[in-house]
Amino acid sequence: VNENTDEFVIKKCGDEDLLSEMYTLARTTQWTELMDHMLERLHSRFGRTAEDIRIAMSELPIFEHNCKSVKMIDRGGIPQCIVSDSNTVFISNVLESHDGISDVFSTSRWSKLNFLSDASSSGGDEKIVSPIVTNLAYYDTTGRLRVSPYQNNNFCSRCPANMCKGSIVSSMISLSQSPNVPGMLPSRRFERIAYVGDGRNDFCPATLLQDGDYLFVRKGLGLWKLLNSDPEKRSLIKGVIAEW
């Protein structure tokens, strides 16, 4: 997508004052906690509903050529996943507003691709089966959208408190290489990984890439700035870096 989902929903469903409040609070508040607070503001101050948020997310700018690429990759039988610091509601809303994209990132699709079928999750040693890994969001009984952290990250200093993308990607790689488990579909070994990222929180998983893997870095944003300003950090990336 071509916008930050969290900022975009505040712009579309709130006003400039609310956006300014968000930026001020961001200096001292953990981001996921901040978004839960801002979503309460949208509900109590502006009366925004689930439908309002769905419409806003459907208007989120998206690169159409990326949608075409996702569909093309899927036709090749290659598993794709989303690891995001957004939330389950926002991502579902965005995917459902684009024909054919939502099915690509469904658990049933992964099962058909013979990747993974079942596992458990705990702490920093996740066993991931969902093709969408993000912060949990839901509408409570009052109609307010709530969001909570994906995990309690007290083990990785590179990543924010609510999510270590590196641990998630590491778990996916480990499961793809593990022996088959009774009751599970045979896992598919990742022969090569292509990771697309734009934020500083994408650096941690990027360090897991090996020779032959690819890191697609969006120009001008956090990850690109980090890698281009710190040669030592850039040297930790073993995969091919491709800017876009």
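User: What should I know before reading the model, and how are residues numbered?

Analyst: The model is predicted, so local features need pLDDT of at least 70 and side-chain atom pairs count only at pLDDT 80 or more, while totals for chains, interfaces and linings use all residues. Residues are numbered from 1 along each chain as its sequence is written, and side-chain values use heavy atoms, with hydrogens and water left out.

User: What is the order of the strands in the open sheet?

Analyst: Helices (H or I, at least four residues) and strands (E, at least two) are DSSP runs numbered from the N terminus, and two strands pair if DSSP finds at least two bridges between them. Here three strands form an open sheet in the order β1-β2-β3, with mixed pairing. Its edge strands, each pairing on one side only, are β1 (82-87) and β3 (145-148). From one strand to the next, the twist averages 35°.

User: Which helix packs on the sheet, and how many bridges join β1 to β2?

Analyst: Contact means heavy atoms within 4.5 Å; axes are lines fitted to C-alpha atoms, for helices over the stretch in contact, and angles run from 0 to 180 degrees between N-to-C directions. Helix α9 (residues 165-177) packs on the sheet and touches β1 and β2, its direction making about 150° with that of β1. Strands β1 and β2 (residues 132-139) run parallel and are joined by three bridges; isoleucine 82 has isoleucine 132 in β2 as its bridge partner.

User: How many salt bridges does a search of the whole structure find, and which residue pairs with arginine 41?

Analyst: A salt bridge is a side-chain nitrogen of Lys or Arg within 4 Å of a carboxyl oxygen of Asp or Glu, and the search finds 10 of them. Arginine 41 pairs with glutamate 21, their closest N and O atoms being 3.2 Å apart. Because arginine 41 lies in helix α3 (residues 31-46) and glutamate 21 in helix α2 (residues 16-25), the pair ties together parts that are 20 residues apart in sequence.

User: Are arginine 144 and aspartate 36 buried or exposed?

Analyst: Buried means under 20% relative accessible area, exposed over 50%, and partly exposed in between (1.4 Å probe, protein chains only). Arginine 144 is buried at 13%, and aspartate 36 is buried at 12%. Their side chains meet in a salt bridge (3.1 Å, N to O). This pair links arginine 144, in the loop between β2 and β3, with aspartate 36 in helix α3, 108 residues apart.
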